[in-house]
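Trainee: Could you show me how to read salt bridges and a chain contact in a model like this one? I would like the general idea before each case.

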Number of protein chains: 2
Amino acid sequence: MLSQDTPAPEVLSRRDEILATAADLFWANGYAGTTMSQLASSMNLRKASLYHHIDKKETLLYELSLDSLQRIEAAAEVALGGEAEPLEKLRLLIEAHVVTALSDRSKHATMLTEMRALTTEQREEILRRRDAYDSLVENTISDAQQSGGLRTDLSARLLRLALLNMLNWTIFWFRPDGSFSAEELARTFASLFIDGGSAANGAGRPGQST
Amino acid sequence: MLSQDTPAPEVLSRRDEILATAADLFWANGYAGTTMSQLASSMNLRKASLYHHIDKKETLLYELSLDSLQRIEAAAEVALGGEAEPLEKLRLLIEAHVVTALSDRSKHATMLTEMRALTTEQREEILRRRDAYDSLVENTISDAQQSGGLRTDLSARLLRLALLNMLNWTIFWFRPDGSFSAEELARTFASLFIDGGSAANGAGRPGQST
DNA sequence: GTCTATAAAGAGATAGAC
DNA sequence: GTCTATCTCTTTATAGAC
């Protein structure tokens with residue numbers, strides 16, 4: 001029930017196809033390092049044809065960033081919508097975050113790392129939504145602290161930063177055909193963030209069901 | 001003894017000044033998003049003057065990447081050179097990594113994120129050294145597992161990936177004048193990686209001396 | 001909706017004076 | 001070691017035919 005796979009490719013509009021291809025190129029070569037010619041050629045088009053679908057290169061970056069934010073916001077809403085205990089909610093949120101981000105890798109990574117290339121207005125809108133998402137994570141952590149599930153000697157803010165650090169850098173090395181599945185990584189990160197790496201915290205480590 | 005501050009700025013050669021300025025611009029705007037004109041103007045030069053010091057733009061990226069790798073390799077050597085227990089060595093390595101990376105932020109971040117812009121030969125050399133560094137971290141983790149300090153239900157490789165995830169993403173939000181010092185973050189990450197975030201692993205959490 | 005052709009600007013890099 | 005001037009190539013984007 002965590003799996004948010006990409007929508008069936010057949011349903012993609014031409015514009016969505018362009019956004020997806022742009023995301024792949026931007027993530028591989030950087031926004032400024034990708035040319036409209038490369039994008040056109042990746043879609044078997046001439047570059048002038050792209051301008052029938054979008055007005056400027058910047059628009060591509062802005063819209064694919066919005067796409068990825070909307071996807072992860074929706075996934076977080078589902079994860080937090082249930083009846084679970086605070087610490088279990090955090091676990092569900094971590095898993096939703098990792099699985100969603102990695103199933104939408106190029107867009108998500110580009111959104112996270114290429115904000116500098118947006119116009120001021122675009123960047124402000126993206127930042128506003130990113131901040132809202134960060135607050136969601138931080139509040140979930142805060143709830144888990146108040147319920148006695150998480151340590152309170154570190155602020156919710158610092159715990160949120162450390163957690164998202166661990167989750168987000170995965171985009172730099174994750175490969176869908178690699179040694180670890182997104183679900184496996186999600187469970188590992190949740191366990192490490194909560195239980196830590198020490199052998200003292202549970203020896204053989206029977207695990208938490210999942 | 002962990003502090004590896006930047007060398008006194010007065011000692012920088014013109015070439016090193018250019019590398020440092022290039023690193024700041026590359027990290028702010030991306031490698032492809034930075035022009036030689038911008039770099040020249042940041043140094044109060046005309047762009048032709050830069051070519052007296054370097055042959056090509058690519059060289060800047062390669063050399064600043066090497067600089068940052070050499071710095072962090074040296075810091076790791078110092079951290080691991082002592083007599084400490086395996087788990088304590090890991091703690092020292094984590095602190096050296098974070099403090100060194102954050103004191104050399106633009107170069108380190110550019111090295112980590114702009115490898116794609118290097119030529120094949122340059123990229124292979126940088127990758128070789130990054131892999132060697134990763135092995136150093138992984139072996140330190142492995143030693144701590146064998147000494148009974150770290151859990152063994154996760155592979156040393158997976159633990160290394162999760163740890164470096166948590167440490168490396170810090171470059172995206174760290175501000176030298178922000179709420180947290182590099183040393184504070186280093187200690188926090190070490191504690192979180194080893195002890196975890198759970199309130200169950202030590203309640204009030206007296207802390208581990210540092 | 002895609003094409004050919006082209007405009008206008010800016011890129012990396014070099015020549016040669018001082 | 002820095003400058004002015006310039007070459008050559010590529011960039012984003014538009015015009016207008018099909």
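**Salt bridges and the A–B contact**

Mentor: Let's start with one residue: R15(B) counts as partly exposed, at 32% relative accessibility. With a 1.4 Å probe and protein chains only, buried means under 20% relative accessible area, exposed over 50%, and partly exposed in between. This is a predicted model, where local features need pLDDT of at least 70 and side-chain atom pairs count only at pLDDT 80 or more, while totals for chains, interfaces and linings use all residues. Residues are numbered from 1 along each chain as its sequence is written, chains are lettered from A and ligands numbered from 1 in the order written, and side-chain values use heavy atoms, without hydrogens and water.

Trainee: Which side chain meets R15(B) in a salt bridge?

Mentor: The general idea is a side-chain nitrogen of Lys or Arg within 4 Å of a carboxyl oxygen of Asp or Glu. Here the partner is E63(B), with an N to O distance of 2.6 Å. R15(B) sits in helix 1 (residues 14–29) and E63(B) in helix 4 (residues 57–80) of chain B, so the bridge ties together parts 48 residues apart in sequence. Helices are DSSP runs of H or I, at least four residues long, numbered from the N terminus. E63(B) is partly exposed too, at 25%.

Trainee: How many salt bridges are there over all chains?

Mentor: The search finds 28. Another one joins D104(B) and R71(B) at 3.4 Å, N to O. D104(B) is in the loop between helix 5 (86–103) and helix 6 (105–113) of chain B and R71(B) is in helix 4, so this pair links parts 33 residues apart in sequence. D104(B) is buried, at 11% relative accessibility.

Trainee: In the salt bridge of D153(B) and R151(B), which residue is buried?

Mentor: R151(B) is, at 3%, whereas D153(B) is partly exposed at 39%. Their N to O distance is 2.8 Å.

Trainee: How much area do chain A and chain B bury between them?

Mentor: Buried area is the accessible area (1.4 Å probe) that two parts lose on being put together, summed over both. Here that is about 3,800 Å², 62% of it on carbon and sulfur atoms. On the chain A side, R151(A), N165(A) and W169(A) lose the most, together 21% of what that side buries. By contact, meaning heavy atoms within 4.5 Å, each of the two chains contributes 46 residues.

Trainee: How many salt bridges cross that interface?

Mentor: Two. E114(B) and R116(A) form a salt bridge with their closest N and O atoms 3.9 Å apart.

How values were computed
Helix = DSSP H or I, 4+ residues; strand = E, 2+ residues; numbered from the N terminus.
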